[in-house]
Amino acid sequence: MKVFFLNLDMHKLKDNLLVKVILAIVLGIALGGIIPEAIGRIFITFNDFFSELLNFLIPLIIVGLIVPSIGRLGQTAGKLLFTTVLIAYGSSILSGLLGYSVSMSVFPTLLENQTGQINLAEKAKEFAPYFSIEFPPLFGVMPALIFSFLFGIGLSRLKNSTFGNFADDFETIITYLIKNLIIPLLPIFIFGIFLNMSYSGQVFTIMNVFLKIIGVIFVLHILLLLVQFIIAGSIAKKNPLTMLKLMMPAYFTALGTQSSAATIPVTIAQVKKIGVREEIANFAVPLCATIHLSGSMLKIVCCCLALMLIQGMEIDFIQFFGFMMMLGVAMVAAPGVPGGAIMAAIGIIASMLGFDAENQALMIALYIAMDSFGTAGNVTGDGAIAVTLNKLFKKEVQ
């Protein structure tokens, strides 16, 4: 029996994306200084191909995830649904603003020794690919977003439509590609990026930045949860610290599973203990597990700002706020697989902030390194929304 559980745990460990990414980073750093150039160029050739594939799929990912998501929300229209979506979106934007404010206050000082020292675009040329294959996307990111909004809204007004069935099937295909093609290949892509950075001598600066960013974001997640429950507590007239304490089983379950969906039963049980009525808990928690990703928003905003600062990129608040508004929509459509949120967001990051393939890879690596407590933050924040809805809707909404 002990051997069975040991084998089960080892199997889960081997399938854990975070473990694979950490291993890819460690191997990339260790081998970068000793690997023969001929072998290094093989991995850079793969990275060049994977980058093209990612750029090709990004607009399709946006359409495939956002259209059916908006369509389904509209088909279940109601006051409770609209209020839940509005609060979840507002919570994500609040999270992004918190991340922006703290990052712009802390990172310039914390990263002052690294600011402007790193130029990934130049360093990435140390290893040259053997060949390149270009296959540009069928359409750009912004046309994909506009198309998704318009057709998603239109789809929400139709019942049992042929296009709706097609959108659902297309979503299934895109989710399959993310889960079975993009996500499995990400560790190899990240290995190639860190191999190249180690070869060019800049990897330790990047790792130093990583550790600082992760530390700041962890503290910010705790602060975000306090803010969310203070707001919910003030609306519902409940003690925010008591509510947070009751939500801890859900927090630690999400920490271990890295999945909001897998934590739904625990989250529902805990929000009921806070005093949320069953009909509200059963509605709000599963919905928020899909559309409320404030922790993910916080991570992405902070990581983007840190990478922009260390490379001396210009940061304009108005532009960045527009980015956060669009990112909030992308979070609604994020698929429920490890790393799904960053895959839904990477196209907006590239198009609105100008992140190249190397910066995108660093964003993915940073995001996945913090995936556990980001998911835990998302799930725990769902409790604050459920408490708020329980107060706002005193009668059961059919």
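## Helix 4 against helix 12

Helix 4 passes helix 12 in a right-handed crossing. This is a predicted model. Helix 4 covers residues 79-110 and helix 12 covers residues 278-291. Their axes lie 11 Å apart, and the packing angle is about 45 degrees. That angle makes helix 4 oblique to helix 12.

Which residues of helix 4 meet helix 12? They are Leu80, Leu81, Thr84, Val85 and Ala88. On the side of helix 12, the partners are Ile280, Phe283, Leu287, Cys288 and Ile291. By class, this contact holds nine nonpolar residues and one polar residue. It has no charged residues.

## The whole chain

The protein chain has 398 residues, and 52% of them are buried. Its secondary structure comprises 17 helices and zero strands. Take the contacts with a separation of 6 or more: 85% of them join residues 24 or more positions apart.

## Helix 4 against helix 17

Helix 4 also packs on helix 17, which spans residues 371-392. The two axes come within 11 Å and cross at roughly 140 degrees. Here too the angle makes helix 4 oblique to helix 17. The crossing is right-handed.

Helix 4 brings Leu80, Thr83, Thr84, Ile87 and Ala88 to this contact. Helix 17 brings Ile385, Thr388, Leu389 and Leu392. Six of the contact residues are nonpolar and three are polar. None is charged.

Thr83 sits in helix 4. Is Thr83 buried or exposed? Thr83 counts as buried, because its relative accessibility is 17% and the cut-off for buried is under 20%. Leaving aside neighbours within four places in sequence, Thr83 is in contact with Leu389, Leu392 and Phe393.

Leu97 is also a residue of helix 4. Its relative accessible area is 28%, so Leu97 is partly exposed. With neighbours within four places in sequence set aside, Leu97 is in contact with Phe317, Phe321 and Met324.

## Helix 7 against helix 16

Helix 7 runs over residues 162-200, and helix 16 over residues 357-369. Their axes are 10 Å apart, at an angle of about 115 degrees. Helix 7 passes helix 16 in a left-handed crossing.

From helix 7, the contact takes Leu186, Phe189, Ile190, Ile193, Phe194 and Met197. From helix 16, it takes Ala357, Glu358, Ala361, Leu362, Ile364, Ala365 and Ile368. Twelve of these residues are nonpolar, none is polar and one is charged.

## Transmembrane regions in the record

An unreviewed UniProt entry places the feature "transmembrane region" at several spans.

Lys299 belongs to helix 13, residues 294-310. Its relative accessible area is 0%, so Lys299 is buried. What does Lys299 touch, not counting residues up to four places away in sequence? The list is Ile217, His221, Tyr367, Met370, Asp371 and Gly374.

## An exposed lysine in a loop

Lys237 lies in the loop between helix 8 (203-236) and helix 9 (240-246). Its relative accessible area is 70%, so Lys237 is exposed. The phi of Lys237 is positive, near 60 degrees, in a residue other than glycine. Most residues other than glycine have a negative phi.

## Helix 11 and its glycine

Helix 11 spans residues 264-274. Its buried residues are Ile264, Thr267, Ile268, Gln270, Val271 and Ile274. Gly275 follows helix 11. The phi of Gly275 is positive, near 120 degrees.

Terms used
Residues numbered from 1 in each chain as written. Predicted model: local features only at pLDDT ≥ 70, side-chain atom pairs only at ≥ 80, totals over all residues. Heavy atoms only, no water. Axes fitted to C-alpha atoms, helices over the stretch in contact; angles between N-to-C directions. Helix = DSSP H or I, 4+ residues; strand = E, 2+ residues; numbered from the N terminus. Left-handed = near helix turned anticlockwise from the far one by under 90°. Contact = heavy atoms within 4.5 Å. Nonpolar A, V, L, I, M, F, W, Y, C, P; charged D, E, K, R; others polar. UniProt positions renumbered as here; feature names shortened; annotations may be inferred. Parallel < 35°, antiparallel > 145°, perpendicular 65-115°, else oblique. Buried < 20%, exposed > 50% of the residue type's maximum accessible area, 1.4 Å probe, protein only.
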